[in-house]
Amino acid sequence: MLSVKSLESGYGKLRVLKGISMQIDPGEIVTIIGANGAGKTTLLNTISGIIKATSGEIEFNRTKISNFPAEKIVKLGCSLVPEGRQIFNTLTVKENLLIGSHTIKNSQIVKSELNNIYNLFPVLKDRINQLGGTLSGGEQQMLAIGRSLMSKPKLIMLDEPSTGLAPLIIKNIFEIIIKLKEQGNTILLVEQNAKAALRIADRGYVIETGQIVLEDKADALLRNDEVQNAYLGKEYKK
Amino acid sequence: MNKKKYYPLFGLMAFIILFQLFSSFSGKEFLLIQLTMCAYYSMVIIALCTLMGYAGQISLGHAAFFAIGGYTTAVLTTLNLIPDKDNFFISLFNSLGFLSLRVNPYGIEILHFSPWIALVVAVVITYVISFIIGIPILKLKGHYLAMATLGFGTIIYRVLLGGKIFGEADGISDIPEFNIFNLLKINGDNADRIENYYAAWFIVVISMLLLINLIHSRVGRALRSLHGNEHAANSIGVNPARYKLFVFTLSAVMAAVGGVFMTHFSGSIGPGEAGVLKSVRYVAIVAVGGMANIWGALIMGIILNYLSLRGYLGSYDEAIFGVILVLIMLFTPDGIFKAGNFGSIKNFIFSKIFKKA
């Protein structure tokens, strides 16, 4: 579904991604774990066209999207749930969702998609006329996920959905991600909460200073000594 | 929900009609003149409100667009083409009906472009100028965008002030009326002031209708999302550059249309219309009305412009605008018409009445 080949990108003169290669097959949950500043968010922003790649290739459903503008990539079915949720505070919940379907012009599809979201997140339905900024963190994260689902994506990229949320809410969000997978969605999940991410993922990549250092099945990564030491806090336990 | 957004429009129309009836019956029809001018200034204000309040792009140069519209029509409808009558293009324009002939108060025949052509040219020129400057400056945000538009406004002001064709500091006067199919005449004639009043407000009502629909449409949502968070808007498929340019040119053209009719109404235009203080005043009015509140901006535009045009604010005009701006920013930064304000006033009144009962 998505394949990235020796991708390089960054901000100005700063090279953040130094040749990343990875791929995602349909129906998978793939997670990318790594420390702060490793380039996780930069990778997602480059795939979604917000940052331009300096070299390398991104292919989405056999279309080369490396030079596409962000809106065209969304239209193709590759949708990002940005880091820190980025809800539109001054728009109502309903408007936040509707703006997610900006690339869809058929109002019938938009309407049915809106109903799907309300079924998936009943909390949002209770608050359709409330301003986005007045929601709690967990609700905002649901709204952000709902908003990206409104574009009927084939691939959903989630950037640190657990940031700043209480453990109980995080559990909730991860259950939703599993549900999305069961509905046939493909998911790319970027997380600092490596343990939780690897538990629900099929495969995982470990990214360090802009390079993929490890890739394996998720349960294999969970058992991997290096990963345990670096990201899962095994040392600490001892 | 869907039709609710039009309700204030009926209120506006009722106010327009009642004010006219009141002034006619009380023999104070002269009051209509300032309210007509208010209508044309309101075009700038609602256009700026859409740009600033909804799309979040500040412009400290909107008076310049108003002046570009006004000066375009002023130049085209006063430039005497009689000496070049036999020029190929001029005679072609003449045979196409683009020109009209009149005799000025000194008995001199003047062949000039008809106001219709001037209006079209003004719209096109404003569109092109706003498009060309919009591409680079809309990449800027916040203070930087404010500075860039301020610079643009200053350039236009100096060009109008220094240009021979623009009449330098005197501006251009003796501008003919805008005759709309012989039904309506946009001019400053006392005999026509009622029809002028209605014509002006008709244009505002149409513009409001257009903007209200825009704000509540898919495009309007995209604009408001840009205001909230450009990065997020981009990530869900809104092209920020395209929408910003769209709303910038739209609001520039709307301001220019106001300028065109204002110029025909008052019969003259001076460089002061493009001044920075004018631009600041428009921004202040939008802020007082409550940035993302097009009705608030319109109402405050009517009230403040009316007071200022009637001369109630005296020579302290700009100072009073400054004071109002400071007070609003201190006490109710979301504008006078913030829903909460009405709520608290209503609660206050109700509690006084019902506690006693």
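Modeller: A polar contact is a pair of N or O atoms within 3.5 Å; within protein, one must be able to donate a hydrogen and the other to accept it, and residues adjacent in sequence count only if both atoms are side-chain atoms. This is a predicted model: local features need pLDDT of at least 70, side-chain atom pairs count only at pLDDT 80 or more, and totals for chains, interfaces and linings use all residues. Residues are numbered from 1 along each chain as written, chains are lettered from A in the order written, and side-chain values use heavy atoms, without hydrogens or water.

Biologist: How many residue pairs are in polar contact across the interface of chain A and chain B?

Modeller: The rule finds five, with both residues at pLDDT 80 or more.

Biologist: Which side chains meet in a salt bridge?

Modeller: Look for a side-chain nitrogen of Lys or Arg within 4 Å of a carboxyl oxygen of Asp or Glu. Here Arg224(B) meets Glu95(A), at 2.9 Å from N to O.

Biologist: How is the size of an interface often given?

Modeller: As the accessible area lost when the parts come together. The probe is 1.4 Å, and the loss is summed over both parts. Chains A and B bury about 1800 Å² between them, 59% of it on carbon and sulfur atoms.

Biologist: How many residues of each chain are in contact?

Modeller: Contact means heavy atoms within 4.5 Å. 19 residues of chain A are in contact with 17 residues of chain B.

Notes:
Buried area = accessible area lost by both parts, 1.4 Å probe.
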